Amino acid sequence: MRLRISAAVGAVAVLVGLLVSIQQGFAGLIPVTWAFVLLLAAVAAIQTVNAGFTRRATPILETETGDPERRYEAPAPGDDLAETLALARRRSRAGDRPRDRVRDRVADAAVAAVVDAEGCSTEVAQDRVRHGEWTDDPVAAWFLGTDVPLPRSERARLLATSPFSQFDAAFERTVRAIDRLDDHGGGQ
């Protein structure tokens, strides 16, 4: 009901304002006395206070924005190898499965390098890696070979250079041997 009265008063005020602006002669019909001006000021003040209280009681509606999108991190080749290598560094009672996985992956890389460097078939390259005939480095040959013995002098040197993890040292030497094979085609 109050809204209707306010809307009616506002509509009348707008119509009077339009009429006076179109036909300025009507302005003389409006009694501009101090009481009329005071009445207009009182109505304006009441409407202002009313609008203020109405606004305070109105619940604020906000738009909920979602969280900003997070950037997708694409996996890089070798990410899982780093994780597997970290697992392989820990010894467990369950066996050396992470170390076996690392050896298998490095053996696959060695086979591919031998195939590229020597132009032989994959089966021949696998046989050469298995028997330690793919490199001159005895540690790399031992690391990937199945029945390749490691000479005592090389074992002692490996222990001396890496007393805490021979696996890491052998892994690094094998990767270097594969890298040399890739770079120089087998020439040392």
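Guide: Trp 34 is found in helix H2, residues 34-57. Helices here are DSSP runs of H or I with at least four residues, numbered from the N terminus. This is a predicted model, where local features need pLDDT of at least 70, side-chain atom pairs count only at pLDDT 80 or more, and totals for chains, interfaces and linings use all residues. Numbering starts from 1 along each chain as its sequence is written, and side-chain values use heavy atoms, with hydrogens and water left out.

Visitor: Why is Trp 34 called exposed?

Guide: Exposed means over 50% relative accessible area, buried under 20%, and partly exposed in between (1.4 Å probe, protein chains only). Trp 34 has 70%, so exposed is the word.

Visitor: And what makes Glu 118 and Arg 128 a salt bridge?

Guide: The rule asks for a side-chain nitrogen of Lys or Arg within 4 Å of a carboxyl oxygen of Asp or Glu. Their closest N and O atoms are 2.1 Å apart, so the pair qualifies. Glu 118 lies in helix H4 (residues 97-118) and Arg 128 in helix H5 (residues 122-130), so the bridge ties together parts 10 residues apart in sequence.

Visitor: Why is Glu 154 called buried?

Guide: Its relative accessible area is 11%, so Glu 154 falls under the 20% limit. Glu 154 also forms a salt bridge with Arg 173, the closest N and O atoms being 3.7 Å apart. Arg 173 sits in helix H8 and Glu 154 in helix H7, so that pair links parts 19 residues apart in sequence. Bridges with shared partners join Asp 137, Glu 154, Arg 157 and Arg 173 into one network.

Definitions and conventions
Helix = DSSP H or I, 4+ residues; strand = E, 2+ residues; numbered from the N terminus.
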